[in-house]
Each structure stands twice: as structure tokens, then as C-alpha cells.
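Subject: Structure handover

Hello,

Here is the structure we spoke about. Please open it alongside these notes.

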Amino acid sequence: MNQDWFRRAKTGTQLALPLVLALLLLHVTGGQERLNHWIYDTLILSAPQPPAADLALVTIDEASLSALGRWPWPRQRHAELIRRLDEAGARTIVLDVLFSEPANGDDALAKAMRDHGRVVLPIHLYPPAAGRPLAEQLPTTALTGAASALGHAHVTLDGDGIARGLYLYSGMGQAYWPALSLATARASGNGKAWPDTVAEPGTAPIINVRRNYVRVPFAGSPERLPTTSYHDVLEGHIDANRFRGKVVFIGATAPGFGDVLPTPLSGHASPMSGVAFHANAWSALVQDALIRPAPNYLETTLALLVIALMSLLLPALRPVTSFWFAMMTGALILLTTVIALRFLDLWLPSAGPIAVAWLAFPIWSARRLEMLNRFLKRQLDLLGQDPGLRLNQAPHRTPERLLEDLIRIVRAEGWWLSHGGRVIQSRGMAGTTRPRALSDGHWTHIGPESWIRWRQGGRVYELGLRLPEGFHSEASRRYLQRVGVAPPFQKPARSDAPLPTESISARIDQVRQALQALTGMRELIARGFERMPDGIIVTDDLGNVQLVNGHVVHWFGQSHAELEGFPLARLLGLHDEEAQEDWKETIADVLTLRETRTLGLQVYERDLLIHLAPFPLAQTHQHGIIASVADISEMREQQRQHRQAIDFISHDVRSPLVSQLALIEQMKRRPETIGTEQLDQLGRLARRSYQLAEEFVQLARAEQLTDDRFYDFDFLSVVENARDSVSEQAASRNIRLVLNDSEDLWLEGNAELLERAIINLLTNAVQYSPDGGTITLQAFRAGHQASLTITDEGAGIDRKELPFLFERFHRQQTTELAGNHGAGLGLSFVKVVIDKHHGEIDVRSTPGEGSSFTIRLPAPPFPSVL
């Protein structure tokens, strides 16, 4: 437990340290502040604050300067403007123009301001001359006394030079002035009652003291504010009711004044005028929409909490889960920022927490990959020391050993092996028959000879084989094409090649080599497991099936998915319901006592022999079961046939012999009674014995037939010979044998046994056809098959007997009752011969109308003998 905790703590620390460094780097380089500004500007521009309904602007624009002359204007003109706005019913007037120097007309302007009663003037904080300290620039004494309120017009720029907010209170030393927007709100009698800020005692008068910083949610582009030209108001060109009950801001917007501020709306390219900025600030103030920034330490605290959270949770999550966790954490912080700004008018800087949340996944992924790389290096080094499981291939053998192996496999009748014109081995072949053009590593087949050339050990070898003609020749050629002899290409090692490094390319190459070795081993094991002659079942320590090969799937009729996890005792018990408890006990004994058991089981009419053996499981002290399932159905069938053969010999063959011996003894006792009838009877018994023995011998020959005894022959000639063999028997009953043939049909097989099989079919057809009937033989080619159909006009075969027609020692009930006795081997012999030739036979029969036997044998697409 302590080791696990220490390991998790170490892993978390390895993630937390780079995250802290990343956060520090963002802060030092200013990236964190720029990200915060971008997030704030994007949110502000996505939902502009609508301007207050009682806001109006009177702007000193280019048109006014053109009409009224160059700046500065006489102060009597400003007084006239105030009187006109007073007559129009303006509630409060903000004259955002600096009147710090006395001038003619101050009295007229002051009188106009007193007559209106709600005129607000600005205070500017800036050095009076270059190199002088910051100082407050108030209006003249007369105007100050006439103003209803004074407010500072100072706007603070952020680190990127953009104006996003201002201080509600600012001044020199202990003299705090409210912002122009706040002073206007107080003068107009609306807006939030912001309390005055009390200056700290002892503050030096040269220090600019600022309090209550707020951000301004702009109403959009300046065009959204209700704006009127100074000249139009002065000349009365507009409806006077436009200003009734409104708070009117008067200020310069012409570019020549320089009173412009870059804002999130326009940046440095198209800055906003100062009067528009203060109008936006007043509009947000009276709508209680000014944005308060959160304390500076809050962002850092939240970022550290996110780092701690990522360090604790990411190492315990899966890669995909950790990705979504990091992304959703950053998105949740961003959503919190949006909600606070939209509904609480609170700005929560979140660039730092979001950055560390989203950087946590790639940093942890890199750390994870680095740990995985170290682990793989250790494992690959161990794997490289393992010799593994490899099978020698032909390219890695000596040419002499290769020749010896190939001669044995393809049963070559002659061979040739040479290099550089020197003969290494030869028998029955000469180099003169070698093709002139041989391509390296590819076999060339010319007639019965196959040649190849390859390079090995700096030498060029040439090898030739003469293959025996017959069924195996084509299969041997295909085998040679697959086996190959050319060694795989290997890039020669350079003496100056660099030693293995930790580079990703070197590691990838090492992984690829290891995977190739593992894949080859896995494929070898999987193919060997799947191709084993017996079925294999592997269980866990509880006797549940874990692995099976294809034989088990086929024999038990269930898929791999159905068998996986299935209890072995229940699987075997399903096919042996009477012994279900015995199977459970057997499986339990194998697992607990670790003893082997061998039992028999019949599954879907298939006889299986199951050998159960315990085997130790990897990395545990428990044992599972490996079951070898052998199909002994053929052996059981051979045993059954053996018993049938014994019964056949003891009854069918013995019976006519006994009758012959009895008849001979009778003839010995009474020689005078020997006549033609007794001799005929003795001949019939002898012929029956011979016929039974012949059928039995022919069936045994057919069962021993293999493909290596095949040869080319004309199928049509075989059919004609079979027809001629039974023609005398057919003629004795006036039965016509009609052969409809079209062309020669060349096949590969055993013509003698195939002719005997056709004779059996024709003999049965003659035997069961009526006198004077017709038997039709139709030989023809159908694609890659040679077919023969024999049709008679006999009594036909009962439908119930058709499934058993080709079973040995089976006799038809109707034929036995009709007196046609036989051993039941003729059609069984036919079926065995056709199966040995990889063909098929089917029967169509209608009782009372006759039967039709059709043989189909594989035929090459082109005649193999001309």
C-alpha cells in the first residue's frame, strides 16, 4: 500500500512540476494576460450592452469644425449650446472639454451653466509640461464654481494598450475625484449609489491614488450611440425634443483633437473618442452593468487547484478518458467565466487555469510515452535475448541439404545441382536441358523438368528436378512455387553504422522486428493449434472452456463465441444426458486430483474419444484441463465392417460351400443318381461362391485405391468395354444396350476398377429390366466433370430403400422376395470406387418406371493426353 501511494505521488509530482513551469512561463512572457484579454474581448463583443435610453451625444466633429471655424471656439459659443440644450429640456449636460486656462466668455459660460444647474465638467490628470510631475488640471475658478459636479476623465490602458475600464475614484494625494461617468450619474440622480472612497491619511500629494477599478461593457460601435453634430444643435437644425429628459455628453470626435482611445471594439486601427468612452461608462453605470474584476490572486489559486487535480486524477485514468477529463475541465472553467460575466457582472480571469487544464493532457501523454518507451526498451532488450520459436526454412539450408529434402518430397526421378559451371550432384539429368533464361528465385517448368537459380553465400546455384508423371506432378510444381529457395534480402551491416540510440526511429525499428518475431510465433502456434489432427479444448482452473480449435467447433456444432466460457462438464453432459453427473465428477477429479481420464462420447452420430489431462496455468499454482478429442468414427466403422465381413464369410460364403459339400457327399453315396441336374446345381453353387469371393476381393481392392495409382485413360473406352462385357447377358434376354456418346473423355484414375464399377451398374440394370427392354448409356462432359448416366426400364427402387442403397451387405427387400439373391456388395463397391476417384453418384428411381444412376467424375479442362 505504501509503495503504491509513493508511486502515485511520484507520478503526480512528475506531472505537476511541468504544469507549474508552464504556468510560470505564461505569466512571465505575458501570454497569460494576452489570453485573458482575448477571452474578455471575445465575450464582450459577442453580446454588447445596449445603451441607456436617456443617453445623447453632441459631437464636435469635422462638419462642425468646417462650419464654425478652427478650434478653440469662443466660450460664448459653448454657453449658447448649453442654453439651447436647456431650452430643449436636457436633464444633465456633460461638457467634456478642458477649460483649465481663463479666457473671455468664462462669465457667460458660467452663467449658462448656473442657469441650467446640472452641468458636469472634467478634471484631467497629466503633467503640465514635459518632465513635470503628474498634476490635477481643474477648470477655471469661475467654471468650477458654476459646475454642479466635477469628475476625472482619466482612462487606464491595459498592458496591451487597450482601454477596457477605468477607476471610479482617482486623484493626487488625499484628493479623490469620482470618475466623470460617476459624477454625471450623481448629478443626474440615477445609477447605483457608489460610496465615496476615504483617502488614507498621510498620502503624499504627488502620488496618484486610484480606487475601484471597473470594466466597461461597451454598447457596440460608436454608431450605436444617439449622436448629433454640435453645429446642428447650435443652428437649430434638429428637433429640440430629441434632448428632453436626456443626459447629454458633449465632446470632440474629430480626429485632429487626439482625444481617442483604443478599445476592444476597434483596437488601435479605429480608436473610440474620449466622450464616447465616458458615455459608455455612464450608460453601464446607470444600468448597474459595470464589470467588477475578481482579485488577482484568484486566478493563480484556481490554476494551482487545477494542477493538483490533474496531477492526482490523470495518472489513474485511461488515455481517452484523461483527454476528455482535461478538455471538459478547461471547458467548465471557461463556462464559469462566461456565466459570471453574463449574469454576475464579474470578470474571472481564467486563461491560466484553462491553459494548465488543456496542457495537462499533452504533458501527461508525453510523460506516459516516455515511461512506455523505457518499459518497451527493457522488454525489447529481454525479448531480443530470447531465441524464440523459429522453424528453419529452405533459404537457410545448404544447397546439398535442400536438394536432398526436395528429392524426398516431390519424389524426383532425376536431379541436377551446380554452381559456377561445376556440377555438385546429378542423376538422370544433363545441364544441356537447362532453360537459357532463368530468373533468380523463380521456378521454371518445362515438361517434366523444373529449374531454378538463386544466389547464396556469394555463389550462383542452379537446381533442376525431373518430376514423375502422374497425379502428383502438378501438385509438386505448385509446392515448389510456394517453398522457394532464394534467401530473404538482408541489408548488409555497415562497419561505421552508429550504435543504437534512444531515437524514436530506432525504437520503432526494434518494435517492428519484435512484433514480426511475435507475429510469426503466434501464427505458427495458431495454425498448428487449428490444424492439429485432433480436436483440442483448453479450460481454466474452474473447468470453463477458454480455447478450442476448428475440429471441436465443427463436431459439437457451436461457434467459438458460444463455447468460450462454457463449462466443459456441461458441454460434454449435453451429449450424454444419462452420464451428466459422471462427467461432472470426472472433470472435478482431473482438476482436484490432477489425474488423467480417457472416455468415449457420441456427438451427433460421431464417435469421439476424449483424453483429459491437467496442465499448470501460467503465473499461478492452479491447473486447467487440456482435452484431446479424437474422431474414432472411421475406426468404429471399420470395426463394424470387420464384423460384417466376418458375418459375411461365416454365412454368405460358407453357405454355398456347405451346400456343395453336401451335394458331393450325396453323389458319392449314390453315384448312379449323378445327372445333368445335379451337376448344374453344383455348378451354380460354385459360381455363387466364386461371385461372392470376387465381389469381396474387388471391394477390398477398391478400398485400398490411392491417388498414386492413377493414370490417364479414355473414359469413353472404359464405358464401351463395360457395355461389351454385359452385352451377352443382355442379348440372352433380348435387352438392347444403347450408348449415346459425343467425344473422347480423358480422365485420371484407375480404369480397371472404374470399368468394374460400371459393369456392376449395367449388370444390375440387365438383371432388373424386363425382357425386350432398353438400357441407355449417356456419356458427356459438363464443365470440369465427366458424367455417365445409365437408365433402365425396370421395376425401380422403393423410396424407403434409397438411403441405404450403397451400404455394404444391404439387400433390397423387393429383390430378395423376387428371388434375386446377392451379397449386397455390388453397389457398395461402386460407391467406394467413385469416392476414391473424388466423384459422386446419385440415383433417381420411380417404382414401376425404372431407375437412373448418374456418375460424375472430375475431368481436367483440357485433355492431358492427345
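Start at Leu 332, which lies in helix α11 (residues 319–343). Helices (H or I, at least four residues) and strands (E, at least two) are DSSP runs, numbered from the N terminus. Leu 332 counts as exposed because its relative accessibility is 54%. The cut-offs: buried is under 20% relative accessible area, exposed is over 50%, and partly exposed is in between (1.4 Å probe, protein chains only).

Leu 332 also belongs to a nonpolar surface patch with Leu 335, Ile 339, Phe 343 and Leu 344. Together they have about 550 Å² of accessible area. Patches take residues with over 30% relative accessible area and no salt bridge; like charges are joined within 9 Å, nonpolar side chains (Val, Leu, Ile, Met, Phe, Trp, Tyr) within 5 Å. A salt bridge puts a side-chain nitrogen of Lys or Arg within 4 Å of a carboxyl oxygen of Asp or Glu. Areas come from the Shrake-Rupley method with a 1.4 Å probe; for residues, only the protein chains shown count as cover.

Some ground rules. This is a predicted model: local features need pLDDT of at least 70, side-chain atom pairs count only at pLDDT 80 or more, and totals for chains, interfaces and linings use all residues. Residues are numbered from 1 along each chain as its sequence is written, and side-chain values use heavy atoms, with hydrogens and water left out.

Confidence next. pLDDT is the predictor's confidence in each residue, from 0 to 100. The chain averages 81, and 81% of the residues score at least 70. Among the elements, strand β2 (residues 92–95) has the highest mean pLDDT, 93. Helix α24 (residues 813–817) has the lowest, 46. Two stretches stay under 50. Residues 489–501 are one, with two contacts beyond four places in sequence. Residues 815–823 are another, with 16 such contacts. Contact means heavy atoms within 4.5 Å. Where pLDDT is low, the predicted coordinates should not be read in detail.

The overall picture. The chain has 25 helices and 32 strands. Of its 866 residues, 41% are buried. It exposes about 47,300 Å², with carbon and sulfur atoms supplying 55%. Of contacts between residues at least 6 apart in sequence, 69% join residues at least 24 apart.

Now helix α13 (residues 399–410). Its 12 residues reach 16 Å from first C-alpha to last, close to the 16 Å expected at 1.5 Å a residue. The expected span is 1.5 Å times one less than the number of residues. Pro 399, Leu 402, Leu 403, Asp 405, Leu 406, Ile 407 and Val 410 are buried in α13. Arg 411 follows, with a positive phi near 55°.

Which residues does Ser 476 touch, not counting those up to four places away in sequence? They are Val 410 and Leu 467. Ser 476 sits in helix α14 (residues 472–483). It counts as buried because its relative accessibility is 11%.

Last, the backbone. Most residues other than glycine have a negative phi, and most peptide bonds are trans. Trp 71 and Pro 72 are joined by a cis peptide bond, omega about 5°. Pro 72 is in the loop between α3 (62–68) and α4 (75–87). Glu 605 has a positive phi, near 60°. Glu 605 lies in the loop between β23 (597–603) and β24 (606–616). Asn 734 also has a positive phi, near 60°. Asn 734 is in the loop between α22 (715–731) and β27 (736–740).

Best wishes
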